Each structure stands twice: as C-alpha cells, then as structure tokens.
Amino acid sequence: MSEDPSRRPLGSVLGPGLVTGAADDDPSGIGTYSQVGAQFGFGLAWTMFFGFPLLASIQAICARIGATTGKGIAQNLRQHYPPALLRVVVLLLLVANVINLGADLGAMGAALALLLPGNVLAYTVVFGVVSVLLEVLLSYNQYERVLKWTTLSLFAYVGVVFVAGVEWRSAIFDILVPHFTFDKPQSMALVAIFGTTISPYLFFWQAGQEVEEQHRRHIKPLHVSPRKVAGQELKRIRTDTLVGMGFSHLTALFIIVATAATLNAHGITDITSAAQAAEALRPIAGDLAFALFAMGIIGTGLLAVPILAGSAAYAVSETFGWTEGLNRKPREAKAFYGAIALATAGGIALNFIGVDPMKALYWAAVVNGLLAPPLMVVTMLIAQNRKVMGNLVLGRGLAFGGWVSTAVMWVVAGVFLLS
C-alpha cells in the first residue's frame, strides 16, 4: 500500500523528479548559462522563471505516463504509434545523447585538470568508466541514493553567488522584469536556453525512473491500482517534479547571476565552455569561486552522464523489447547495460577524434531543439489517450500547461530555423 506523501519525509518523496531536474544542469548546460550571463549580464535571467512551469509541466506529464502505464515513452510509442516514428525519434535521441555525453565528459576532464595536474583525456576516460561501473554494479536502491547525494553538487553554484559580489538591486530588477530586444544574438541565446533546459533525454529518463520506482516499491501501474493509491502517487509525482525542476531552474539562475556579476561586469563576454567559465572566474572572484565552479562541473557531470546513457538505453531497450531496468542484475539485462556502456564509449571516443566540443554541443542542441517539439506533441497525445491512460488522462490544468510548453518549443524551433 502506498503511503500518503503528505505523511512521508520529504527525502523519501523526492526521487526521479529531483534527480532529473538536477541532471538538467549538466556541464553543457552550465556552459550555456555561463555564456548567457557573460554575454547579456542579468538581462536574460528572467527566462528561468518563465521556463520553470514549462519544464515542470512536461516532466510531470512524462512521469505520469510512466507511472500510469508502467511503461516508458518508447514502449508506449511502439505500442500505439507507427514504427517509423519510433525509429526516427530513438535514432535522433541516440545521436543527441552521444554528442552530449562526449561534451559533458570532456568538460569534466577539463575541469579536473584545472584543479589537479594531469591529462584531460585520461580524466575523461576515468569519468566515463566510473559512471558505467556505478550503473552496472550497484543495485537500484544503492544507485538511487548515489544520484540523490550527487544533486548536492549543485549547491556549489549557490556558494559562487555569495562570493561573487553581486549587485542585487540590478539583478533582482532584471530577474523580475522580462525584456527582450529580438535581435539575432538574443534570439539565438533564447533558443540555447530552452534547447538546453527542455531536452528529450529528460522525458525518457523520468518516465523510465517512475517504472523503476514501481518495481522497487512493489506498486502496480496506476491504471490498475486502487483509486486511493493512484491519487497518493500522483501527489508524490507532483511534489517530486515541482521540487526537482525548481531546484534545476534556481541553480541555472545562480549560474547566470554569478557569471553576469563577475565576467560580464569585467568585460568578458565570450565563454565557450563550462571549464573556461571556471578559469575566467579565478582572477575576478577569487580561488574559492573558481574551485566551487569547477567542482560543480564535475559533480553535475557525474549525475548527468549516467542519465544521458541510461535514457538512451531505456529508449533502445523499449524499442526492441529487451529486458531493461537498473533494478535488473547485469546478467538479466545484458543488452540494456551494454547500451549504457556503448553510449558512454561513444561519448568518450568523440574526445579522441578531434571533434570540437562546442560544435558538438551546438549540433546536440540542434537535434534536441528539433526533436523536442514533435516528441512533446506525441507525449501529449499519449497522456490524453484513454486507451493508454484509462481514467487517469490529464486534467485540464496539466493538459493546458503541457500544450503551452509544446507551443513554446515549436516557436523556439522556428526561431532557430529562421536564424
């Protein structure tokens, strides 16, 4: 029997939503937010408040699909939509995830090389191997705790803000009062922010993790659960998702504020990587801010890399009907864990073949930005289909939020293509 979330400790209620939200601030995201803060100061910080309900809505819908059906996004696509659509979506997701993995692992290696003497490529390989081993060797319960604790690394960016000497009056005004000039630089920055924030791999991961939670807690899919149990689980999902996405956006806001108050204020307006942002902070904000920023890159990378690989493995396994899940022993889900290892190896390999990490991030953003809108439409159709969701189809409020989020991403994709 599921326990009422209002009577459970918050730490036990938080899970897939918290981890997914924290993973949204991966090293590539940190690089994007750093560039926005350095180039435009506090001017685009308002996007974090605007984007929060959009991301929270679509992630809550993905979580609800996983919890209600007991199946991930790809498996629902396979069962209810044309096979060609599933193949295209999964292929684009794999390309984007491998590129993102390469960029994130490279950023982690570069960040550690700023803190300790050593070879960047060697550090990159070590981070990739450690991430795979943690996913393969730890039980789901152990791994879930590792991911939860890793989210604490995001507090490094809170620390950076408080040692950066922020002009709070100006910052608060720009955060609370939206303004936009509609020129090409700000249009491209807007696309980068939303492309980084609302990414398809988050959809697949959170839906898959809700299925894992049901296995861990021995709960049936909500469409065949008693009404009381389903209601309590939906409350848990709402709380978990709101806290997780709020944590994600608050951290992103801190990164923009910190880089605006330091780099932009001192005339540094061009940042091409998260590691470069950390290095640029040292002479301006001091060694502590530099160290916190660099350690945050490593911590968020350790969180995001297994999620990028894991979401790819969920999608591929659901497409081919393989046994899947981090709750499975490696011998029970060889193909699933093999997909995790191959995706990570592909990301590592990108760092050895001379691919420019920022160009890689650019093309990952292109794929994510073009994949997200149609996938969000399909996700909304699944969530409002009574044949799939039974009596737990979306209510009007969440459906409205999901369709608004979808419309905004179509506009963002259009801005990108026109630019």
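User: Which helix gives the most to the nonpolar patch?

Analyst: Quick caveat: this is a predicted model, where local features need pLDDT of at least 70, side-chain atom pairs count only at pLDDT 80 or more, and totals for chains, interfaces and linings use all residues. Residues are numbered from 1 along each chain as its sequence is written, and side-chain values use heavy atoms, leaving out hydrogens and water. Helices are DSSP runs of H or I, at least four residues, numbered from the N terminus. Here helix α10 (residues 168-176) gives the most, with 4 residues.

User: Which residues make the nonpolar surface patch?

Analyst: Patch residues have over 30% relative accessible area and no salt bridge, with nonpolar side chains joined within 5 Å. Phe49, Phe162, Trp168, Ile172, Phe173, Leu176 and Val177 make this one, about 750 Å².

User: Is Phe194 buried or exposed?

Analyst: Buried means under 20% relative accessible area, exposed over 50%, partly exposed in between (1.4 Å probe, protein chains only). Phe194 is buried at 3%, while Phe50 is partly exposed at 41%.

User: How are the rings of Phe50 and Phe194 arranged?

Analyst: Rings of Phe, Tyr and Trp (its six-membered ring) pair if their centres lie within 6.5 Å; planes under 30 degrees apart are stacked, over 60 edge-to-face, the rest tilted. With centres 6.1 Å apart and planes at 90 degrees, Phe50 and Phe194 are edge-to-face. Phe50 lies in α4 and Phe194 in α11, so the pair ties together parts 144 residues apart in sequence.

User: How many residues of α11 are buried?

Analyst: 10 of the 14, so α11 is largely enclosed by the rest of the structure.

How values were computed: Patches are made of residues with over 30% relative accessible area and no salt bridge: like charges are joined within 9 Å, nonpolar side chains (Val, Leu, Ile, Met, Phe, Trp, Tyr) within 5 Å. Accessible areas come from the Shrake-Rupley method with a 1.4 Å probe; for residues, only the protein chains shown count as cover. A salt bridge is a side-chain nitrogen of Lys or Arg within 4 Å of a carboxyl oxygen of Asp or Glu. Helices (H or I, at least four residues) and strands (E, at least two) are DSSP runs, numbered from the N terminus.
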